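This report looks at a protein model as a whole and then at a few of its residues. Please keep the structure in view while reading.

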Amino acid sequence: MGYGIAMVVALVVQQADGKARAGKPAEAANAVARVNPATGDPQLKEARRLLNNGRYAEAEEAYGAIKTAASKPPGHLEPPLKVALALGIAECRASQGEYPAAIEILKSTEAEVPGSPDLPARLSDVYLARGDWDAAEAAMKRALKVDPDNLAARWTEARLHGLRGETEKSVAACKWFVDRYNERREQIIHNADALLLVGQAAERYYRATARGEELKDSLSDILSEIYDTALRVDPSCWRAPWLEGRLFLSGHDELHAAQELARAQQINPLAPEILVTLGQNDLEGYRLAAGRTKAERALAINPHYAPAFILTADLNISDERFVDARDAAQKAVAENPRDEDALARLAASYRLLVDPIGSTAAELAALAVNPRPATFYSALGERLADRRKYHSAERAYLLAAAADPNRPDAPIGLGMLYMQVGRETEARTLFDAAFEADPFNQRSYNMIKVLKHLTAYTPVESKHYTVIVDPAQDALLGRYMSRYLESIYPTLTSRFGYAPPGKTKIEILKDHQWFSGRTVGQPFVPTVGACTGRVVALASPRATRVPFNWARVLTHEVTHVITLQQTEFNIPHWYTEALAVESEGYPRPQEWNKMLLERVPARKLLNLDTINLGFIRPKELEDRQMAYCQAQLYARYMLKRFGDDALIEMLMAYRRGLTTDRAIDECFHVAKADFEKGYLNYLDEVIKTIRIRVEDDKRDEKQKELTFSQIERQVKEKPDDPDLNARMAYEHFARRSYTEARPYVDKALKLKPHHPLASYVKAKMLESIGDEEAALAVLEPAHDPRKPNERVIDLLAYLKVKAGALDEAASLYELARKDDPYHTKWIAGLARVHLRQKKTDKLLEDLAMLAANDADNLDVRRMLAERHLALGHAAEAAKWATECLYITVYDPTIHVLLADAQAAGKHYDDAIEEYHTALELKVKKAGDVKVKLARAQLGKGDRAGAKATVDEVLRADPEHPEALTLREELAGKGGK
């Protein structure tokens, strides 16, 4: 942080108080005399208050008014006041990015008042922020020549040594502040701005020299004794809570950082420093949209604030907008060519754009500035790790640690990287060392807790996977997951033509909190599965409130493992998601169809330039789901237009490091604009297959957002509009206000006989009083087979079922699903009809489609397994029972169902295992299950085992009928 002009103004005024308290009244009087001729003091304080509140224009006006008043008669502006005014006006200009103007004001005033150390001290700070180190050093030396103890100049000196890689000199310069504070504490604690300088220097000093509890205590003292005191001394000192927020953020303590930054912003809502730090906190929590807003606000206040461009580059990298990230980094470098943070973002952007020359040039620029650029390498490692460039990120982190072994961010970042690639043992060593050195750091503490928790986990090994589970909770789940993973391995690796080297690690965390800690080192992440490209982590299904199909999640995440590694992590977010969704093998969800119907005609769509933002930074709640939907449709479009090899060709192009634009050109020999035009045409064709709504329904959709009072007002304005009367009737009916609904529905039907919505409401009202025959009489003429209305056909089919007209009901449901064959409502209706008609084959088809529509529907899958088993379809029964286990593996009745199917198919070994599992899960009526087990043992040829099982049943229940029958069979009586 720069030493602000507002600080210097305050120092000049507040030094008097310090000298008086130190028992030096004469010096105090002289200090006041220098800055407070007659009425100057109150006006200066008011101008400073405006400046600290971010009211820069008003503050500059106030300083100007003081200057005008004090200049009468001309030539009578006293030097101390001239210095204070120049510092204040220059600060107003610098806060808004007018650095050349600020420099000119300071230089010209220094020429007029050559004996002031404050002007060159502030000049050195401005020059330092602009990367002009020679000018900064020269100004610093001029200040120290006048006043060797000038805090601002000393702070510039300490930072210059650090920026040049002169670590020992920088530490010594920071130690001077600590010693100064200890020597003159009673003076300094009454000066807020001096406290801030001491606090920053002390933080650097203790981070370089202290370890463990000593460092933690020292940082805590800086917070409580230095920064909190500064805010008590000067309640307008926004920099105190801002620096506290930065310190907490450096330790990955987002909660406390946000609290302190909010305090700072209450004082000065327009400080770019605060806005950028809040944006960095948003970036830490992956709140990218909020972070971008803050970066934009900071640049609106100060268009030349380099940290805001750096934050923008970080956000663009996380958004996978690498060209935009490069442009933002270039702007940051233009503002300060020697800024290691800016150069790191430039190098990262070039690396992500597969431009090794640009990346190397940025690295060489950093090395030319500082032969030990730890800040550069640490920031580079963080940005590359964020985009899974693990090898390059590891190199950067190692170089950062070598450049400065004392800084904690590099080893912690490297530890997080090792967690992502499954090198937990090495990560543990790094986190232990980092926490021992800096107990203040929340992330290292969290990760140590996670790793300690994981020590109790055990692996389930298979040929290609290691599934890590909590043995006390998920041992059984791990076993079934391992089998499932091996079952899909040949299909997925064959589909993509790539097999990841070595084993892929799958970690099943005990609950969602541990999953979040394992994934990001923080308490919460809004998903149940995550993939780093080398490790897949899942929250245990046993700990989630709603059961989910873990097999589907695993298929999705393992597809990411393959495609990320196959392309050396160059595949863009949208394409790996497209392939993962396609690999799941389920029909397009109905929610997606609804979005397509609404968005495709309106062209409210994502494209190749914006689709990644739908995953990472959705503008609307639907955008993330729309991104998944459109990504899958991009993949299907490529297959349709460019052939079966299109998807693999794109993967290979990404492996070579091509951007999406270049990949499309090289793979398909079409321009991106032509590719996108063809995609839109493809979407138009897609929605033709799902369009079922008629114009009346479209009008209903447009009016859905209208309030009751708005509809009521419209009806009054247009009393003879049948659509509005029907809608008003519907609103009253929905509120169970049948009496109020009746006149509107009757009027609508009088104005337009057989109006679909009015007929629906009328029929529902008749049904509610039990007059279903009259309801049918109203609905039937409202039904138009050429343009079926969803409400009408749904209620009409339902009433036909109740009336026993099953064939007519079936015809209506078939008509409804004609253009939307996967719509659950119509399939469920057909299933009910086919069940009553005892059309078993059709019922099974319906149930299979319902299962495909909802991967998490356990009941439908159980029903399919039971019905297939009853029909003697052993293989189909086993398939659906297995799918039940993909939703809940701890239900013993499902294991029995699967075992029954396997036994029916003469797969006795598998059946025996499933019966044993059911018994381990404490299935009810264990004796019956043991008899089934014995029969499977007998079917396998294990008569001794079967006899032992039967004897066990009879010892517990001597009268068990099935056991007695089987014992007779085993004894040769009553059959084999």
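A patch, as the word is used here, is made of residues with over 30% relative accessible area and no salt bridge, and like charges are joined into one patch when they lie within 9 Å. In this predicted model, E213, E214, D217 and D221 gather on the surface in such a patch, and its charge is negative. One of these residues, D217, has its place in helix α13, which covers residues 212-233. Because its relative accessibility is 43%, D217 counts as partly exposed, given that this class lies between the limits of 20% for buried and 50% for exposed.

**The protein as a whole**

The protein holds 53 helices and five strands, and its C-alpha atoms fill a box of roughly 120 × 85 × 60 Å when this is taken along the principal axes. Of the 976 residues in the protein, 55% are buried. The accessible surface comes to about 42300 Å², and carbon and sulfur atoms account for 52% of this surface.

Is S759 buried or exposed? With a relative accessibility of 1%, S759 counts as buried, because buried means under 20%. S759 has its place in helix α41, made of residues 756-768, and when residues up to four places away in sequence are not counted, S759 touches L749, H754, V778, L779 and A782.

K747, by contrast in name and place, lies in helix α40, which runs over residues 738-751. K747 counts as partly exposed, because its relative accessibility is 31%. Once the neighbours within four places in sequence are left aside, K747 is in contact with P719, D720 and N725. How far apart are K747 and P589 in space? From C-alpha to C-alpha the two are 39 Å apart, while in sequence they are 158 residues apart.

| Residue | Relative accessibility | Class |
|---|---|---|
| D217 | 43% | partly exposed |
| S759 | 1% | buried |
| K747 | 31% | partly exposed |

Notes. Residues numbered from 1 in each chain as written. Predicted model: local features only at pLDDT ≥ 70, side-chain atom pairs only at ≥ 80, totals over all residues. Heavy atoms only, no water. Patch = residues over 30% accessible without salt bridge, like charges linked within 9 Å, V, L, I, M, F, W, Y side chains within 5 Å. Areas by Shrake-Rupley, 256 points an atom, 1.4 Å probe, with all protein chains shown as cover. Salt bridge = Lys/Arg side-chain N within 4 Å of Asp/Glu carboxyl O. Lys, Arg positive; Asp, Glu negative; His and termini not counted. Charge placed at Lys NZ, Arg CZ, Asp CG, Glu CD. Helix = DSSP H or I, 4+ residues; strand = E, 2+ residues; numbered from the N terminus. Buried < 20%, exposed > 50% of the residue type's maximum accessible area, 1.4 Å probe, protein only. Contact = heavy atoms within 4.5 Å.
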